[in-house]
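Colleague: I've got a model open on my screen and I'd like to learn how to read it. Could you walk me through it, one feature at a time?

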Amino acid sequence: MQKVAALSTAQIADRAGCSVQQVRDLERLGVLPPADRAANGYRQFGARHVLALHAYGDLASAVGPVRARRVMSTLSSHALPEAVATIAALHLELVAARTEALMAQRALAATQAASESPADADADADAMTITELAGALGVRASTLRFWEREDLLVPERVTRRRARLYPPAAVRDARIVAALRAAGYRIPDVREAMVALHTAAAVGDPGAVLERRLQSLAEQMLALLRAGTDLAALLEHAPPPALADRQLG
């Protein structure tokens, strides 16, 4: 690693845009490697600390400060294969979250398509029996029971024999499930889409919520890519010269 002029606690805090106390805290938590000590006992920081602070800032933007601190503090204690796998797992988590949001968007599109159909709108006005709903969707009653077992549908039980009755919301969900299954999506994917769609609907306009979610995930992914450059340099113990000397944003 290229040697750079020793930085005081105040100097590295200024570069990182944080307080002197934050630098001390991050060193204590293991986010920063232990600082060297000058003859007078004051801390001295170098290129590796600059990289670690930069990586932590981007990692915190990507996965949150608590998770970032935990990851940074454990990387130094892991062998290289485990450390690299830890970082790769963060990418996979964000990709999985994006896939879930995209599935929810497709589910929402299926909902909107169903609501635009006059026949569907009339059918949604009242609850339906399992026979009626199966006929409307062109599936077997056993298929609806299977979807229920897979937590894709939640019918009501209202008769003395506890027969299934599907209220308008369940009818809508059944149409979404049918559309996604017809498009070739697997049951686990459909389940994730339904959960994400219901979650988005619970906090506001689902279309806007999902768009914001996808935008946020894109920003998190970009931050993780930036963090990855510095983390790779830290793990290899050989950061590029320009990288070690650059100012932190």
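Colleague: Let's start with H3 and H4. At what angle do their axes cross?

Modeller: An axis is a line fitted to C-alpha atoms, for helices over the stretch in contact, and angles run from 0 to 180 degrees between N-to-C directions. Here helix H3 (residues 47-63) and H4 cross at roughly 135 degrees, and their axes come within 7 Å. Keep in mind that this is a predicted model, where local features need pLDDT of at least 70, side-chain atom pairs count only at pLDDT 80 or more, and totals for chains, interfaces and linings use all residues. Residues are numbered from 1 along each chain as its sequence is written, and side-chain values use heavy atoms, with hydrogens and water left out.

Colleague: And what do you call a pair like H3 and H4?

Modeller: Angles under 35 degrees count as roughly parallel, over 145 as roughly antiparallel, 65 to 115 as roughly perpendicular and the rest as oblique. H3 and H4 are therefore oblique to each other.

Colleague: Which residues make the contact?

Modeller: Contact means heavy atoms within 4.5 Å. From H3 you have Ala52, Ala55, Tyr56, Leu59, Ala60 and Val63, and from H4 come Pro65, Arg67, Ala68, Arg69, Val71 and Met72. Sorted by class, the contact of H3 with H4 has 10 nonpolar, no polar and two charged residues. (Ala, Val, Leu, Ile, Met, Phe, Trp, Tyr, Cys and Pro count as nonpolar, Asp, Glu, Lys and Arg as charged, and the others, Gly among them, as polar.)

Colleague: Staying with H4, which of its residues are buried?

Modeller: Buried means under 20% relative accessible area, exposed over 50%, and partly exposed in between, with a 1.4 Å probe and protein chains only. In helix H4 (residues 65-75), the buried ones are Ala68, Val71, Met72 and Leu75. Look down the axis of H4 and these buried residues fall within an arc of 95 degrees, so they line one face of the helix. That arc is taken from the directions from the helix axis to the C-beta atoms.

Colleague: What about H9 and H10: how are they packed?

Modeller: Helix H9 (residues 168-182) and helix H10 (residues 187-202) pack at about 140 degrees, with axes 10 Å apart. H9 and H10 are therefore oblique to each other too. On the H9 side, Arg172, Asp173, Ile176, Val177, Leu180 and Arg181 meet Ile187, Val190, Ala193, Met194, Leu197 and His198 of H10. By class, the contact of H9 with H10 has eight nonpolar, one polar and three charged residues.

Colleague: Can we zoom in on single residues? Is Ala110 buried or exposed?

Modeller: Ala110 has 15% relative accessibility, so Ala110 counts as buried. You'll find Ala110 in helix H5 (residues 80-115). Not counting residues up to four places away in sequence, Ala110 touches Ile176 and Ala179. Ala110 and Arg175 are 65 residues apart in sequence, yet their C-alpha atoms are 7.6 Å apart in space.

Colleague: And where does Gln220 sit?

Modeller: Gln220 is in helix H11 (residues 206-236). At 17% relative accessibility, Gln220 counts as buried. Leaving aside neighbours within four places in sequence, Gln220 is in contact with Ser61, Ala62, Leu94 and Arg213.

Colleague: Last one: how many helices and strands does the protein chain have?

Modeller: The protein chain has 12 helices and five strands. Helices (H or I, at least four residues) and strands (E, at least two) are DSSP runs, numbered from the N terminus. Of the 249 residues in the protein chain, 37% are buried.
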